[in-house]
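Thanks for making the time this morning. I would like to walk you through one model, and I will give the cut-offs as the terms come up.

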Amino acid sequence: MTATPPVVQVRDLQKSYGSVEAVRGVSFSIEAGETFALLGPNGAGKSTTIEILEGYRDRTGGEVRVLGVDPHRGGLDWKARIGIVLQTSNESGNATVTEQLRHFAGFYPHPRDVDEVIDAAGLREKAKTRISKLSGGQRRRVDVALGIIGRPELLFLDEPTTGFDPEARHQFWNLIRGLKAEGTTILLTTHYLDEAAQLGDRAGIIVGGRLIDIGPLDTIGGADARVPVVRWRDGNGLVREERTSRPAQVVADLVASGKGAELEGLEVIRPSLEDVYLSLVRGHEATAAGNEAAMSAPEARPDPSRLTDKDVRA
Amino acid sequence: MSATMMGTRPQHTAPSTLALGLSRIGYETRLYFRSPDTLLFTFFFPFIMLGIFTAAFSSSGNIGANPDGTGGVNVGAYYLPGMLAAGMLLSGVQNLAVDIAGEKSDGTLKRLGGTPLSPLSYFLGKIGQVFVTAILQAGLLLLVAGLVLDIALPSEPEKWATFAWVFVFGVITSAFLGIALSAVPRSGRSATAVVAPVVLVLQFISGVYLQFTTLPEWMQNLASIFPLKWMAQGMRSVFLPESFAAAEQSGTWDLPWVAGALGVWLVLGLVLSRVTFRWIRRDA
């Protein structure tokens, strides 16, 4: 395993549009078979990064290797090894689902079976329907099907489930799990944190063109960001909260001090990936704002580590 | 589904550029006939115009008739070469310029650019589609002319040989010019607005709608810069009687000039296509 070079290697990636720096020194790598989720607010530089890796955009600085090749110079052989699911497009769609998949399968040296892909994408009933007649979610499934038809070693998924209903999203997750089981390496961007949690092995969070955190999904944000909160209603009906790494002890103490009475509205909340993500992003944005303010008033700088989940939920 | 998809399939070598080009021709041609706009404004437009001219001007007698009213050709026969030339121009320039500009802005090209499809295969598909549809269009026009409008078609093989080379040369030139022109519109939505007037003006000054020989000399000279005039002239040499050659600018059909002008535009179109085409508008 250790002998295999990373499928994606990004070092100090930079991209400017005129005077705007969209990506400012991002570094990460993705190992073979791994699913890596790239998260971040709109305009943070996710799509720019992924489009540089796909070969669509040129970079301003830094080094990029995708399957051992600089994407800027990636030829047809290289393109045959990757699969790309772009963000939504509005193609005229005059071909049927089967025609489109059969046609695209012909581009690749060893494509998947068209009927298997149609079944896997849940498009069997729409197989003979023109793509223009499909709903938004169904068209998105066609996008995904076209992305995997060439049996890619590396699959790019740029916000793949936008417009899916919950059932379609779960079906899609199963499809992706099947690809993972086959050893496909996946780079995913998404706005749905539960999706990242379901599919991802590791995640990177981009804010303002910088990678502010990277790590396995169950530890990202650090232990501190994952401290549970105990919440209950006190005798006066007021909601009380306590952040603690020992929630059971806190609950036991509360019960003891109330002489065994039930606690109204008792909850022990473990921060979800979404909570951790939001606290990281907001903490970073506060720091960025603080850095600007620091010019005149250094003491005005907020300490991101003091931000609690309560602040975040506000 | 993972179990079935895991089955490894025999390894194939990458499909050839030519094979993919042929596959693109089939795909593109099928989609052409599913696009109502293209069918009306490219495929059937010459039929509509030929019908209108024949209906409107037939009562004014034959064109090129002697003072005693004998000789000459009927209106439909006179306009047929121009409509064939217009069909070549529409099938290539208008069809591809609007089509490719649309594909650029709706994401089709971006998607293709991320696959191992060679741009050469893509072009083969486009040019092949133009060819197939232009042949069908011309064949149908000749059929309508002969059977419905009762226009006498030439029987000499050498006339049909001229028809063949003017047609092939003209259609390829049109296709390249269409690819080159597709780089001009800034969006798919503006493509028709950019392309249609160019094509329309060319048809008016090149002798498709108006009798070329009655146009003022400066307009004839202007039209001579562009390829449509030469396509129309080549077609007139096939379908009009020899006596009509005297009315041309130099008093002859000037076929070597037709070949020369189309050749120059072919090279120009090829170079412009090659230089301007991008899968996506690439930044920096």
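This is a predicted model: local features need pLDDT of at least 70, side-chain atom pairs count only at pLDDT 80 or more; totals for chains, interfaces and linings use all residues.

Residues are numbered from 1 along each chain as its sequence is written, and chains are lettered from A and ligands numbered from 1 in the order in which they are written.

Chain A has eleven helices and twelve strands, taken as DSSP runs numbered from the N terminus, with helices being H or I of at least four residues and strands E of at least two. Along the principal axes, its C-alpha atoms fill a box of roughly 70 × 50 × 40 Å. Of its 314 residues, 41% count as buried, meaning that 20 or more other C-beta atoms, placed from the backbone, lie within 10 Å of the residue's own, whereas 12 or fewer is exposed and anything in between partly exposed.

In chain B, the unreviewed UniProt entry lists residues 123-148 and 160-184 among its "transmembrane region" spans, and such annotations may be inferred rather than shown by experiment. In the model, residues 123-148 of chain B are 96% helix and 0% strand, with end C-alpha atoms 36 Å apart; for residues 160-184 of chain B the figures are 88% helix, 0% strand and 36 Å.

Finally, Asp254(B) is in the loop between α11 (227-239) and α12 (255-276) of chain B, and it is partly exposed because 19 other C-beta atoms lie within 10 Å.
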